[in-house]
Amino acid sequence: MPTPPSEEQVLSWFDDLSNWGRWGEDDRLGTLNHLTPAKTASAAQLVREGISVSCSYDIRTGRQPGATVESQRYMLSTGLGLEEEGRQGLMGRGRAGGAQEYIGMVFHGYDVTHLDSLAHLFWDGKMYNGQPASLVSDRQGALKHDVLAVSNGVSTRGVLLDIARLRGVDVLAPDDHVYPEDLEAAEEAAGVRLEPGDVLLMRTGESGARLAQKKDYNPNKPRSGYQAACLPWLHERGISMIGSDVAQDVSPAGYRTVTMPIHMVGIVAMGLWLIDNCPLEDLAATCNRLNRWEFQFALAPIRFQGVTGSPTNPLAVF
Amino acid sequence: MVTVWTGLLIVGGGPGALAAAEIASGYRLPSLVVGHEAGKGPNAEFPVALDGGAVAALTPHGVLDVLRPYLAVADPPTLSPHVFEDILKHHCVADMNVTVYDAMEVTDRRPAGAGLRGTLTDGSARWDVEAEAFIDTSGYPDGLSDAVNRAASDVRAVLKRMQAG
């Protein structure tokens, strides 16, 4: 296994890998600046079989493994009793009826598949591009770098690098971390090379374990993921967005001051967009079946004003 | 082997472990809660009122506010130890000052200054763990308020020692 970078090295990446000012003082897109219209157009050419695969968990109410707070659903009106003659439903008297609900959730955490906006994390009191952390407030939420930065969604080439498959295991051991060498070996095995503007999805196999164990799944445990050493590689390749079947970072990372280096350096310094908790079992099976590890990737976050991310349903289209 | 560093290592389980983690977090002291299991006291399902000391310990930094929607009675704050742990556990997982590793243990414990060193393991993988301070809640009293008060007292002692050191 490669030697992990020192803490001093990781801390130096806040400066060395910084994209602050690279795309202007008011930039809100961060690494999505690598995604060009030509890239989006060429990614559409990857749709040949007409197969679409979701990379999202179901959002369920009740206690779920890894949920910070249980997701809530309150029905405001339902169909209950509407078979009874004369019962008034949502749409008043007559033959029409309907249902509606309130939903609430904390999507950050280890349960919900979600996109982190660039307002999600701070380092030394700053967000990406030097914006002060105090611009995220109780009253107004995120005044800078909310998820509206990607209102138009993301459509580009997606690439699955299946590290569990590369290792020949169902799921990576918690102390088996993913290094740039692994990403490159997986590229070679898949016959692809990550390019600027691509979305990288990396599979550890953890989602297979979670799906199999259901409510017995223990989310509070060490886990594999991208080792911090991947940060310069992601920077050099110009990756626009990363996702995986874990919350990106290995745990424990082994650093005193920066416990989630992919999140901290990635979001704050690089402006890198992260999609946490993507189940990748169906995608891996489809890639295997088609022997194709690149696809059109599509993601459309909900247009929440002032919110630090969004639950999302990333799609891989073949 | 990766070394896991933490300000405060907490083992022993029960409501006192989570209370200690959240009180420490309020003082920005990072903690690692290892092998937490819910307390198995005889009355874990029955709501009990928190005493003044426990309320005072949990009120700063909004810890009591986290529990408020789940109180059986608002004043005095009343809830079962089971609910206390269920709610606070999720809060600990979301708290960036707290790391929670269930189904693990710290073996080969040995003093290191005022803290502790040992081996964190899930039975197969292993990590060195190094903590500036250590709290074992396995000897905490069963009563919810008593456990919270003991946790607050232990965290205060840790902070005092760190400030002195």
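Mentor: Welcome! A contact here means heavy atoms within 4.5 Å. Keep in mind that this is a predicted model.

Trainee: Thanks! Among contacts in chain A between residues at least 6 apart in sequence, what percentage join residues at least 24 apart?

Mentor: Start with the contacts of chain A whose partners are at least 6 apart in sequence. Then keep those whose partners are at least 24 apart, and the share in chain A is 79%.

Trainee: How many helices and strands does chain A have, and what is its radius of gyration?

Mentor: Chain A has eight helices and 13 strands. For its 318 residues the globule rule gives 20 Å, and the model comes close to that, so chain A is as compact as a globular protein of that length. Its C-alpha trace spans about 70 × 50 × 40 Å along the principal axes. The radius of gyration of chain A is 21 Å.

Trainee: What share of the residues of chain A count as buried?

Mentor: A residue is called buried when its relative accessible area is under 20%. Applied to the 318 residues of chain A, that cut-off gives a buried share of 54%.

Trainee: Is helix α7 of chain A largely enclosed or largely open, and why?

Mentor: Look at residues 261-270, which form this helix. The buried residues of α7(A) include A:Ile262, A:Met264 and A:Val268, and they pack against elements of chain A that include α1, α6 and β10. Ten of the ten residues of the helix are buried, so α7 of chain A is largely enclosed.

Trainee: Which residue follows α7(A), with a positive phi?

Mentor: Step past the end of helix α7 in chain A and check the backbone angle there. The phi is near 70°, and the residue is A:Gly271.

Trainee: Is A:Arg292 buried or exposed?

Mentor: A:Arg292 sits in the loop between α8 and β11 of chain A. Leaving out residues up to four places away in sequence, A:Arg292 touches A:Leu46, A:Arg48, A:Glu49, A:Cys287 and A:Phe318. Its relative accessible area is 8%, and the cut-off is under 20%, so A:Arg292 is buried.

Trainee: Which residue has the backbone oxygen that the side chain of A:Arg292 reaches?

Mentor: Follow the side chain of A:Arg292 to a backbone oxygen 3.1 Å away. That oxygen belongs to A:Glu294.

Trainee: Which residue, A:Asn129 or B:His61, is buried, and which is exposed?

Mentor: A:Asn129 has a positive phi of about 65° although it is not a glycine, and B:His61 has a positive phi of about 65° too. A:Asn129, in the loop between β4 and β5 of chain A, has a relative accessible area of 11%. B:His61, in the loop between α2 and α3 of chain B, has a relative accessibility of 52%. A:Asn129 is therefore buried, and the exposed one is B:His61.

Trainee: In what order do the elements of chain B run from the N terminus on?

Mentor: Chain B contains five helices and eight strands. Reading from the N terminus on, they run β-α-β-β-α-α-β-α-β-β-β-β-α.

Trainee: What area is buried between chain A and chain B?

Mentor: In this interface, 21 residues of chain A are in contact with 22 residues of chain B. On the side of chain A, A:Arg63, A:Asn220 and A:Arg256 supply 34% of the area that chain A buries there, more than any other three residues. Carbon and sulfur atoms give 60% of the total, and that total is about 1700 Å².

Trainee: Which residue of chain B forms a salt bridge with A:Arg256?

Mentor: The count between the two chains is one salt bridge. Its closest N and O atoms are 3.4 Å apart, and the partner of A:Arg256 is B:Glu130.

Methods. Residues numbered from 1 in each chain as written. Chains lettered and ligands numbered in written order. Predicted model: local features only at pLDDT ≥ 70, side-chain atom pairs only at ≥ 80, totals over all residues. Heavy atoms only, no water. Buried area = accessible area lost by both parts, 1.4 Å probe. Salt bridge = Lys/Arg side-chain N within 4 Å of Asp/Glu carboxyl O. Helix = DSSP H or I, 4+ residues; strand = E, 2+ residues; numbered from the N terminus. Buried < 20%, exposed > 50% of the residue type's maximum accessible area, 1.4 Å probe, protein only. Polar contact = N/O pair within 3.5 Å; in protein donor to acceptor, adjacent residues only side chain to side chain. Rg over C-alpha atoms; globule rule 2.2 N^0.38 Å.
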